[in-house]
Amino acid sequence: MIGEKDIEALFERQLARINDGELRGKVVKTFVLACRRGHWESLEAMKKMPFTLLTDTLGVGFVEHTIAVTEGAAALGRAQAEAYSRLPYAIDFDRLYAGGLLHDVGKLLEIEPDGRGGYRKSLPGKFTRHPVSGAILAAECGLPGDVINIIVCHAKEGEGRPQVVEAVLIHQADFATFDPLVMKQKGTLIEP
Ligand SMILES: [Fe+2]
């Protein structure tokens, strides 16, 4: 069974960036709950899960994706904070790291092994897409509304909706990892 210590080790570097200990604890709790509800029994199994079923991820797993998106969004935020003489909006890095780690946590309920070495959409995943199931899990674990906004708005559910700036950064970092894979599959990614 995947416990708090496992999640703390898995995302050690990103969790360390969350200064608010209570927030950090709630992020870990949400992951543990998602693993339990999604029947992910081991870290090995969870690491192997592709981060999407919409395209061939060419071996990029859910955990690697979560880290890349979180760090990518943080880098986007830092770049603005460092380059601008005056940042026109505040960027909250506690919120960004918490939301980044949790943006796809609902996928642990949405994707399941198909029993033949592959993966498929689960029945709960058919009922509720991961931005919504992730938001529900996070709310159950006491995450505040601003972090829930990131989870629920990071994908198409957020289009045109009010969002915190960290949701915008997570969304862009998320598609920076997804689009090249889709383009590669379609033959539109130029790789000289
Ligand atoms: Fe994602």
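Modeller: Two residues are in contact if their C-beta atoms, placed from the backbone, lie within 7 Å. This is a predicted model, in which local features need pLDDT of at least 70, side-chain atom pairs count only at pLDDT 80 or more, and totals for chains, interfaces and linings use all residues. Residues are numbered from 1 along each chain as its sequence is written.

Biologist: Which residues is Ile7 in contact with, leaving aside its neighbours within four places in sequence?

Modeller: With those neighbours set aside, Ile7 is in contact with Ile2, Val28, Phe31 and Val32. Ile7 itself is found in helix H1; helices (H or I, at least four residues) and strands (E, at least two) are DSSP runs, numbered from the N terminus.

Biologist: Why is Ile7 called buried?

Modeller: A residue is buried if 20 or more other C-beta atoms lie within 10 Å of its own, exposed if 12 or fewer, and partly exposed in between, with C-beta atoms placed from the backbone. Ile7 has 22 other C-beta atoms within 10 Å, and is therefore buried.

Biologist: What is the expected span of helix H3, and what does H3 reach?

Modeller: The expected span is 1.5 Å times one less than the number of residues. H3 (residues 21–37) has 17 residues and reaches 24 Å from first C-alpha to last, close to the 24 Å expected.

Biologist: Which residues of H3 are buried, and why are they said to line one face?

Modeller: Arg24, Val27, Val28, Thr30, Phe31, Ala34 and Cys35 are buried in H3. Seen down the axis, the buried residues of H3 fall within an arc of 150 degrees (taken from the directions from the helix axis to the C-beta atoms), so they line one face. The face turned away carries the exposed residues Gly21 and Glu22.
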